[in-house]
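Colleague: I am new to this structure and would like to learn how to read it. Could you take me through it step by step?

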Amino acid sequence: MPTVQHTDGFQNIAMNKKPDQSKPWYQDGLQFECTQCGGCCTGGPGYVWVNATEIQAMADFAGMTVEQFESVYVREVGLRKSLKEYSTGDCVFLDTESKGCTVYSARPRQCRTWPFWDSNIKTPEDWQATCDFCPGSGKGRLYSLEEIQDRASEIRI
């Protein structure tokens, strides 16, 4: 092991610094900057889970009653509710021309917390797969451990 000579004549063994095993692998943060490519809003069939608060916010944003909004944009899946999607798998709120979200400021937490879902940050390999899929993951703003954990705790995916 390397040693460090101090001016007082004593030698100390330099300790190899190891990552803090009590913290997740991304303890130094992760980068993300949405490119608004729409990739996370497209693809195969899936679910965008919504609760009553989120439905109310989107209905208000759209200028609709909750009942109107649900009849047009929400489907029941067992005891839960999900946004409807087109036959292509695209979210009903994806503007196919601009690739932007038409309810962005009122989007549900599943969308707000992307890409910091448990399934995307479980391992470095999971994060790399997310970066390979999403051009904004691994680039841009550095999110702290606390910010990532806050987002991941909002919804378990």
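Modeller: Gladly! Let us start with an idea we will need for the sheet: two strands pair if DSSP finds at least two bridges between them. Keep in mind that this is a predicted model. Here, Val50 has Lys81 in strand 6 as its bridge partner.

Colleague: How many bridges join strand 4 to strand 6?

Modeller: Two bridges do so, and these strands run antiparallel.

Colleague: What holds strands together in general?

Modeller: Strands of a sheet pair through backbone hydrogen bonds, and the pairing is either parallel or antiparallel. In our case, three strands make an open sheet with antiparallel pairing, in the order 4-6-5. Strand 4 (49–50) and strand 5 (74–77) each have a single partner strand and stand at the edges, so one side of each is left without a neighbour in the sheet.

Colleague: Which helix packs on the sheet?

Modeller: Helix 2 does, touching strand 5 and strand 6. The direction of helix 2 makes about 75° with that of strand 5.

Colleague: And how do strand 5 and strand 6 pair?

Modeller: They pair in the antiparallel sense over four bridges. Arg75, for example, has Ser82 in strand 6 as its bridge partner. These two strands form a hairpin with two residues between them, and in that hairpin Gly78 takes a positive phi near 65°.

Colleague: Which residues other than glycine have a positive phi?

Modeller: The general idea comes before the cases: most residues other than glycine have a negative phi, and most peptide bonds are trans. Gln36 is one of the cases to look at, with a positive phi of about 55° although it is not a glycine. Gln36 lies in the loop between strand 3 and strand 4, and it is partly exposed at a relative accessible area of 44%. Lys99 also has a positive phi, near 65°. Lys99 sits in the loop between strand 6 and helix 3, where its relative accessibility of 35% counts as partly exposed.

Colleague: You mentioned peptide bonds too. What is the peptide bond from Trp114 to Pro115 like, cis or trans?

Modeller: That bond is cis, with omega near 0°. To find it, look in the loop between helix 3 and helix 4 (118–121), where Pro115 lies.

Colleague: Where is Pro45 found?

Modeller: Pro45 is in the loop between strand 3 (30–32) and strand 4. With a relative accessible area of 76%, Pro45 is exposed. Pro45 and Glu85 are 40 residues apart in sequence, while their C-alpha atoms are 7.7 Å apart in space.

Colleague: Now the aromatic rings. How should I read a pair of them?

Modeller: Look at the distance between ring centres and the angle between planes: rings pair if their centres lie within 6.5 Å, and planes under 30 degrees apart count as stacked, over 60 as edge-to-face and the rest as tilted. By this rule there are ten aromatic pairs. In one of them, Phe69 and Tyr73 have ring centres 5.0 Å apart and planes at 45°, so the pair is tilted. Phe69 and Tyr73 are four residues apart in helix 2 (residues 66–73), which means about one helical turn separates them.

Colleague: Are Phe69 and Tyr73 buried or partly exposed?

Modeller: Phe69 is buried at 0% relative accessibility, whereas Tyr73 is partly exposed at 22%. Tyr73 also pairs with Phe93, in a tilted arrangement with 4.6 Å between centres and 40° between the planes. This pair links distant parts of the chain, 20 residues apart: Tyr73 is in helix 2, and Phe93 is in the loop between strand 6 (80–83) and helix 3 (109–112). Phe93 is buried, with 5% relative accessibility.

Colleague: Which residues do ring pairs link into a cluster?

Modeller: Phe32, Phe116, Trp127 and Tyr143. The charged end of Arg141 sits over the ring of Tyr143, 3.9 Å from its centre. Elsewhere, Arg107 lies over the face of Tyr104, at 3.8 Å from the ring centre.

Colleague: To step back, how many helices and strands does the protein have?

Modeller: Six helices and seven strands. Of the 157 residues, 30% are buried. Among contacts with a separation of 6 or more, 63% come from residues 24 or more positions apart.

Conventions: Residues numbered from 1 in each chain as written. Predicted model: local features only at pLDDT ≥ 70, side-chain atom pairs only at ≥ 80, totals over all residues. Heavy atoms only, no water. Phe/Tyr/Trp six-rings, centres within 6.5 Å; stacked < 30°, edge-to-face > 60°. Buried < 20%, exposed > 50% of the residue type's maximum accessible area, 1.4 Å probe, protein only. Lys NZ or Arg CZ within 6 Å of the ring centre and 35° of its normal. Contact = heavy atoms within 4.5 Å. Axes fitted to C-alpha atoms, helices over the stretch in contact; angles between N-to-C directions.
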